[in-house]
Amino acid sequence: MSNAATTVPIGRTPFRRFLGGYGQEIVVLLSIAALFAVVGAVNQRFLSDNNINAIFAGNAYIAIAAIGMSMVIVSGHIDVSVGSLIGVIATMAGTLAVSGYPVWIAWVAPILFAIAVNAGVGALIAYTRIPSIVVTLGMLSILKGGLISVTAGAWITNLPAEFMIAQMRPFGIPSAVWFMVGLTVIAALFMRYTDFGRAIYAVGGNIEAARAAGLNPERTVVGVFALHGFFAGIAGILFATQLQVIQSTVPPNLELTVITASVIGGVSILGGTGTVIGSTLAAILFACIGSALIFLNVSAYWLRAVLGLMILATVLADMARRRRAR
Amino acid sequence: MTAARLLRHETILAILTVLALIVLANLSDKFFTAENLLNQGRLMSEVGLVALAMTFVIVTGGIDLSVGSILGMTAILLGVFWQNVGLPLPLAMVAALLCGTLAGLGNGLIITRFKVPPLIATLATLALYRGLAEGISQARSVRGYPEWFFYFGQGELLGVPFQLWLLGLLTTIAGVILGLTTFGRATYAVGANETAARFSGIRVDATKLWIYTAAGFLAGLAAVIFVSRVTTTRSDMGTGLELDVITGVVLGGTSIFGGKGTIVGTALGLILIQALKNGLALSGVKGDGTIVVIGVVLIAAILAGALFDRNRGG
Amino acid sequence: MRKLTLAAALLGFGLMSGTALAGSAWTGGDDQATNPLACDATPAAAAAKDYDGGSPTGAPDRAGKPIKVVDVPKLIGIGYFNATTKGILDAAKELGNVDAKTDGPTKANIDEQITFIDNYITSGVDGILFAANDPVAIAPVLKKALYKGINVVGYDANSTPDARQWFVNQAQFNGIGKALIDDMAKEIGEEGSFAIVTSTFTTPNQARWIAEMSAYAAACHPKMKWLETVEAQEDNNLSFNQATTLINKYGDELKGIFGMTSVATPASAEAVTQAGKCGKIAVVGLATPNAMKPYVAKDCVKSVVLWNPVDLGYAAMMVLRAVADGTLKPGATSVKAGKLGDLQVINGSEILLGAPYTFTKDNIGQFDF
């Protein structure tokens with residue numbers, strides 16, 4: 001197996017090797033399982049179809065955005081403008097849909113726009129060597145201010161029913177969940193088995209070594225950001241089609257949520273390691289925690305403190321695991 | 001690394017700032033008045049104080065996303081210590097500041113003892129400290145502070161806002177520490193190459209611990225001034241502060257990869273942003289337009305610096 | 001291992017402290033005194049009160065002259081404040097001698113709002129309209145405006161009285177509390193259980209309404225059961241997720257959801273719709289008509305309570321003009337507000353827009369904001 005995705009030296013037994021490669025994913029998965037067991041024991045309704053569907057479907061767009069974010073972080077960069085981009089995408093899609101364009105244009109055009117914008121951002125980062133946080137901080141301002149300048153924050157209502165892709169339920173499961181699972185699997189295979197996927201790890205791990213090995217790091221970074229734009233675009237469409245109203249503003253703190261999901265999922269912020277399965281699991285974990293705290297009757301005033309403690313606990317558990325694995 | 005090279009970005013930024021000031025002064029005759037400029041100094045003090053510590057943090061190659069939450073938590077504690085616990089207000093201020101400092105120390109400990117990357121550690125404490133602020137306050141505001149307390153946020157000393165004196169003093173101290181002392185050199189060394197710094201006998205962990213603790217302290221200080229300026233405490237105070245601070249610091253030329261940056265640069269970066277926000281508003285540009293301009297300026301300034309550097313080097 | 005234990009301990013401690021501290025009162029209300037209305041529609045006797053607003057120092061004579069006005073709402077980019085802006089601009093157009101514009105922060109942030117007002121004071125406006133994110137925090141900068149001779153009028157969310165001249169009150173807190181609770185009682189019965197989706201617990205208007213609702217329910221509908229209050233910022237998707245979680249958590253026990261903001265109410269209605277609980281779970285709340293039309297049309301929502309925010313903006317602008325002209329002086333008992341006619345002065349320095357308006361299937365089509 002390729003060990004590009006591993007964070008620790010490969011152990012002796014296959015089991016240990018597995019643990020080494022997917023340790024953080026396992027920690028997150030176990031946390032989710034524990035949460036379901038405990039909260040389910042307190043209130044059975046937590047385990048109902050409706051609730052599980054709601055947790056997954058309501059937060060799928062975060063998981064999908066986190067896939068692209070993970071790729072960006074693996075390549076050694078970061079994007080703090082993703083929340084603003086998703087707001088812009090949602091507004092574009094809604095505007096097109098109510099202006100009478102066919103729905104497929106309302107779905108596809110904003111995604112193409114997101115790919116183009118982020119490819120531009122990637123090019124700026126790759127060829128001028130400006131740190132990605134600077135460029136994307138700038139983009140955050142430009143997209144957010146630009147969006148309000150253009151729309152004045154007017155809500156988009158009266159969306160056509162066939163536009164609401166996130167509300168469709170093929171085979172009884174919300175389409176957002178299909179997207180989340182499908183895209184995660186595709187992205188995971190892509191990251192592991194394609195040359196481009198491996199190039200992302202190589203560039204994030206050691207850019208000079210990657211160059212020496214014949215890769216073109218600049219092109220890789222542009223490609224990663226374009227892919228990130230694709231995922232952000234899909235996230236934006238799902239975000240837009242979940243409800244009957246589009247707010248035409250930037251969803252508050254979404255970028256922090258997405259970045260947190262990626263890094264808690266085991267993507268090293270230093271680049272070069274991590275998997276998209278981890279980030280999707282982490283996004284699900286956060287969604288579960290958010291729901292679980294309400295089911296457990298945690299005082300609403302202390303909810304965020306508990307959430308913070310849980311994030312901290314996950315992080316520390318991961319650190320402890322890495323130490324022991326070493 | 002010569003001083004000239006270090007100051008390269010700062011020079012560009014200084015020229016840019018002067019240009020901006022001239023343009024803005026021409027756009028509105030209300031802009032370049034002593035009263036307006038001093039008032040702007042008052043408004044940027046909280047961000048400025050935190051940015052000083054953030055410069056050190058980023059120079060070490062780290063980041064602190066929790067400063068806004070520490071500000072909120074300290075503000076809440078100030079009110080709670082005074083009103084609910086019944087401490088005299090000066091004592092409550094000291095106790096709250098102490099808690100802010102401890103919050104910073106907590107960040108430092110998680111980062112150095114547990115080896116958690118700063119971004120992840122402070123993402124977690126961003127949620128935790130804000131959550132503590134909400135939980136402790138039970139969403140209640142504390143109001144009705146005595147008149148003397150408002151001096152810190154609203155008073156003037158020799159015609160200059162009190163907090164501007166404080167900001168000036170601390171900027172000087174921070175500039176001296178980062179530029180001229182062993183501690184400053186250690187800070188750069190940690191950011192440039194942590195392993196090398198460790199091998200050359202620099203106490204990497206202690207340095208980081210001090211810096212994150214200082215960030216907590218300054219966020220706490222900013223909280224006291226903020227409460228004094230707005231005369232009330234709320235648990236959502238300082239939300240989003242971290243992005244404003246980081247924008248100022250990176251615009252000031254501090255490299256997010258560590259090892260490079262100056263307090264002068266940070267000060268210039270903050271002044272440029274504040275001048276743009278204020279000057280554009282005075283010349284009739286709306287808030288959303290101003291946000292766009294700041295984004296463009298941020299990218300353009302760093303781009304200019306990068307191109308300049310490369311031409312020199314290449 | 002030690003660290004793993006610590007992590008587990010942190011987690012456990014968090015859960016325990018959270019659970020142990022769960023309150024029993026209506027979460028989200030504030031501690032201030034409540035003044036519930038009588039259970040029938042007897043209007044409360046208005047206590048006469050002297051003018052307690054501030055006044056600008058050295059204001060120039062603006063009577064009949066063109067004035068420049070800036071409106072700084074809590075935040076820009078939400079339907080509600082778009083509507084108030086429309087009202088302000090309508091009034092300015094009608095008056096003909098007012099140059100009005102709206103500018104403000106993109107999120108409901110006390111610091112940014114203060115900075116906006118400060119900048120407009122410096123730029124030299126004649127009048128400021130505001131909707132405060134915090135009544136106390138905004139006071140110093142408004143006092144500064146008064147000190148500079150600027151006319152200051154609030155709407156939607158008040159400041160401390162001495163920091164502004166007049167406040168246009170869209171509806172009294174106890175009036176909203178009564179209207180919401182009565183509507184809910186009508187839909188779910190006297191023994192129904194309900195939950196609340198609000199913006200944040202620190203938002204003063206919402207906290208006040210929840211406190212008044214609590215007091216009114218205790219007095220007039222004592223058997224109704226409050227389950228819990230959740231925060232959802234001013235965020236559409238979060239509001240939807242929170243409402244969905246409430247529906248899943250309580251199952252058939254939950255009979256109604258209150259939406260406390262114009263964002264939370266349509267999102268709660270959507271959550272009820274998508275859960276297939278239309279008609280089983282009532283949604284009552286404050287909202288703008290456009291966002292609610294689909295749910296009202298499908299009979300999923302019976303009634304939506306709100307004053308008309310376009311009228312609110314319109315009235316605020318008219319009051320500001322009257323103050324600048326000197327026709328509205330301390331001690332006045334009413335003010336002429338253009339097409340709205342005479343508005344009453346209450347509580348010393350507040351102007352009452354009227355009773356809250358209830359949108360229903362029959363009339364919601366007539367409104368477009």
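Which hand, left or right, does the crossing of helix 4 of chain A and helix 5 of chain A have? It's right-handed, the label for a near helix turned clockwise from the far one by less than a right angle, with anticlockwise being left-handed. This is a predicted model, where local features need pLDDT of at least 70, side-chain atom pairs count only at pLDDT 80 or more, and totals for chains, interfaces and linings use all residues. Residues are numbered from 1 along each chain as its sequence is written, with chains lettered from A and ligands numbered from 1 in the order in which they are written.

Two packed helices are described by the angle between their axes and the distance between the axes. Here the axes of helix 4 (residues 103-128) and helix 5 of chain A come within 9 Å and cross at roughly 145°. Axes are lines fitted to C-alpha atoms, for helices over the stretch in contact, with angles running from 0 to 180 degrees between N-to-C directions; helices (H or I, at least four residues) and strands (E, at least two) are DSSP runs numbered from the N terminus. Helix 4 of chain A brings A:Val121, A:Leu124 and A:Ile125 to the contact, and helix 5 of chain A brings A:Ser132, A:Val135, A:Thr136 and A:Met139. Contact just says that C-beta atoms, placed from the backbone, lie within 7 Å.

For chains C and A, 46 residues of chain C are in contact with 45 residues of chain A. Helix 1 of chain C gives the most to the chain C side, with 11 residues. By class, that side has 18 nonpolar, 21 polar and 7 charged residues.

Over in chain B, B:Gly79 sits in helix 4 (residues 67-84). B:Gly79 counts as buried because 26 other C-beta atoms lie within 10 Å; the cut-off for buried is 20 or more within 10 Å, with exposed at 12 or fewer and partly exposed in between, C-beta atoms being placed from the backbone. Leaving aside neighbours within four places in sequence, B:Gly79 is in contact with B:Val142 and B:Thr233.

Terms used. Two residues are in contact if their C-beta atoms, placed from the backbone, lie within 7 Å. Ala, Val, Leu, Ile, Met, Phe, Trp, Tyr, Cys and Pro count as nonpolar, Asp, Glu, Lys and Arg as charged, and the others, Gly among them, as polar.
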